[in-house]
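User: I would like to learn how to read a structural model step by step. Could we begin with what it takes to call a residue buried?

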2 protein chains.
Amino acid sequence: MMFVYLNGEYIPEENARISTNDRGFLFSDGIYEVIRSYDGTLFEPSAHLARLGYGARALRLTETGFDYLPEVASELIRRNGLESGDATVYIQVTRGSAPRTHRFPPKDTPLTVYVTVRRFNPHDSEQQQGIAAILVPDQRWARCDVKSTALLPNVLANQQAVDAGAFEALFVREGMLMEGTHSNVFVVVKGEVITPPLTNYILGGITRGVILELCHKLRIPHRETTLLSSDIPEMEEIMIVGTTVEVTPVRKILNVNFQNRDPGPLTRRLQSAFRERVRQGTAGIRV
Amino acid sequence: MMFVYLNGEYIPEENARISTNDRGFLFSDGIYEVIRSYDGTLFEPSAHLARLGYGARALRLTETGFDYLPEVASELIRRNGLESGDATVYIQVTRGSAPRTHRFPPKDTPLTVYVTVRRFNPHDSEQQQGIAAILVPDQRWARCDVKSTALLPNVLANQQAVDAGAFEALFVREGMLMEGTHSNVFVVVKGEVITPPLTNYILGGITRGVILELCHKLRIPHRETTLLSSDIPEMEEIMIVGTTVEVTPVRKILNVNFQNRDPGPLTRRLQSAFRERVRQGTAGIRV
């Protein structure tokens with residue numbers, strides 16, 4: 001039996017039920033985070049908390065500080081026997097439960113706070129061999145910098161990838177390669193590592209930040225600038241990065257001329273640097 | 001005690017709880033409808049069902065026909081003693097409950113189907129005197145033609161209106177006046193009634209369709225064409241239409257030069273034609 005955390009209580013997952021009046025259910029009026037746990041150590045919990053706070057302020061939630069959540073996550077890891085091996089922590093915060101109306105509910109409406117942990121099977125073969133992706137038009141809203149649960153476009157794009165036999169869908173907005181449905185994208189052009197800059201159309205990925213930091217530390221030439229999807233055939237390497245995919249090479253993009261590319265040297269270098277960074281567990285909190 | 005319908009059962013509202021694994025809660029992976037009930041008669045139920053089916057196909061739900069729902073709504077109206085006076089029926093359908101992953105769950109995952117009814121207090125004074133609105137940038141996704149529960153942008157825009165002392169926020173996308181957070185917009189220019197055409201950026205409102213039909217019937221000059229927000233000061237009349245607002249004049253738009261406009265003659269004419277249409281209850285189903 002798995003335990004989850006819901007509004008202050010640790011309860012069996014099958015008892016985790018919310019009101020149909022929850023604004024997360026009615027309006028996607030909420031935010032979320034997914035944090036990786038390596039052998040019981042949370043990866044970059046402060047960065048995840050900071051992003052959750054950023055989203056809470058963007059949504060003007062009545063609470064924007066969630067400092068207690070890493071402790072909740074650690075408790076769930078213990079209770080569910082996930083202290084060793086890989087796991088993911090899922091956090092969701094919504095504006096709470098109230099009779100349906102677009103405007104915010106009364107200020108004393110408690111937020112819904114929900115946390116789960118789950119065993120995670122690392123994508124070893126994907127990271128080794130690389131994955132297939134597809135390009136899809138970016139139909140998402142204009143605040144992709146907010147990690148909200150308004151994920152319907154991501155769901156539809158990801159399923160489109162699955163149907164095409166691909167692992168990830170990469171969003172293209174007005175000719176620009178933006179990011180994946182649940183990953184950021186990095187490419188190599190003329191030996192330089194490039195990722196799109198943080199705008200309102202891109203999520204500030206935690207792994208994205210770590211990779212940029214590693215590039216800096218390793219003195220790998222790198223830059224944040226616009227990527228044109230029309231330049232993809234000339235790109236030397238493409239990789240997706242994120243909490244679950246870590247650093248995963250893109251072997252091919254099915255609907256564009258980028259095929260059968262073996263993972264390149266900079267991808268491999270960043271993979272092992274990332275692995276080392278995880279081993280150090282610098283910013284981690286030990287359960 | 002209010003009864004609601006959830007997955008085949010009529011249950012007290014306080015028992016209406018869904019799993020935290022519901023994809024409506026995790027991904028806004030669902031669609032909804034709001035149907036007006038006048039003295040127990042549903043207004044345009046077939047049009048609402050058709051739109052629900054359209055959304056279900058857009059989301060590729062495993063079920064796309066919901067012909068039984070008007071009967072469910074009528075049963076709820078009876079059980080909750082709402083046979084007389086005004087009420088609203090809320091219908092929400094999600095892709096069901098499954099462990100969290102972007103891609104669709106297994107095909108045998110039952111959809112979540114949720115229906116409620118509620119007493120509705122008509123906006124009489126708003127319809128009489130007109131309302132204040134604000135213009136806001138349209139930050140929504142590119143499938144506004146799908147009535148999905150990914151409503152976070154609508155929530156934020158509506159609250160912005162409330163904070164400004166306005167009743168509705170009107171979305172402007174690239175200089176074009178599109179629609180409200182929960183209404184369509186009609187204007188009068190040189191005696192002609194105009195509303196934006198149905199594109200992927202506009203919801204095909206049921207009331208919108210009825211108003212166009214009434215214009216046709218009454219031989220009021222009318223057209224579906226792009227509205228520029230820069231032309232607002234020269235517009236003779238502006239009104240919002242929808243299931244809850246019916247036909248409501250816009251008296252002023254706070255952040256643009258459109259102030260203290262008494263409801264105009266075409267607005268009044270459409271209001272009474274709409275009222276008459278409701279009285280006839282032509283397409284209604286009697287409880």
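Analyst: A residue counts as buried when its relative accessible area is under 20%, as exposed when that area is over 50%, and as partly exposed in between. Please keep in mind throughout that this is a predicted model. With that cut-off, the buried residues of α3(A) are Leu69(A), Pro70(A), Val72(A), Ala73(A), Ser74(A), Glu75(A), Leu76(A) and Ile77(A).

User: Is helix α3 of chain A, taken as a whole, mostly covered or mostly open?

Analyst: The general idea is that an α-helix has 3.6 residues a turn, so residues three or four places apart point the same way. In the present case, helix α3, which runs over residues 69-79 of chain A, is mostly covered, with eight of its 11 residues buried. Just after α3(A) comes Gly81(A), which takes a positive phi of about 65 degrees.

User: How should I read the fold of chain A, and how many helices and strands does it have?

Analyst: Chain A has seven helices and 15 strands. Its radius of gyration is 19 Å, close to the 19 Å that the globule rule gives for 287 residues, so chain A is as compact as a globular protein of that length. The C-alpha trace of chain A spans about 55 × 40 × 35 Å along its principal axes, and 61% of the 287 residues count as buried. Among the contacts in chain A with a separation of 6 or more, 72% are made by residues 24 or more positions apart.

User: What can be said of the surface and the charges of chain A?

Analyst: The accessible surface of chain A comes to about 11,300 Å², and carbon and sulfur atoms account for 49% of it. As for charge, chain A carries 32 positive and 33 negative side chains, and the centres of these two sets lie 2 Å apart.

User: Which rotation superposes chain A on chain B?

Analyst: A rotation of 180 degrees, with 0.0 Å of shift along its axis, superposes chain A on chain B with an RMSD of 0.0 Å. The two copies are therefore related as by a two-fold rotation axis. The same surface serves both copies, since 100% of the contact residues of chain A recur in chain B.

User: Where does Pro197(B) lie, and what is it in contact with?

Analyst: Pro197(B) lies in the loop of chain B between β12 (192-195) and α6 (206-217), and because its relative accessibility is 27%, it counts as partly exposed. Leaving aside neighbours within four places in sequence, Pro197(B) is in contact with Ile202(B), Arg208(B), Glu224(B), Thr225(B) and Thr226(B).

Note on methods:
Residues numbered from 1 in each chain as written. Chains lettered and ligands numbered in written order. Predicted model: local features only at pLDDT ≥ 70, side-chain atom pairs only at ≥ 80, totals over all residues. Heavy atoms only, no water. Helix = DSSP H or I, 4+ residues; strand = E, 2+ residues; numbered from the N terminus. Buried < 20%, exposed > 50% of the residue type's maximum accessible area, 1.4 Å probe, protein only. Contact = heavy atoms within 4.5 Å. Least-squares fit on C-alpha atoms with pLDDT ≥ 70 in both. Rg over C-alpha atoms; globule rule 2.2 N^0.38 Å. Areas by Shrake-Rupley, 256 points an atom, 1.4 Å probe, with all protein chains shown as cover. Lys, Arg positive; Asp, Glu negative; His and termini not counted. Charge placed at Lys NZ, Arg CZ, Asp CG, Glu CD.
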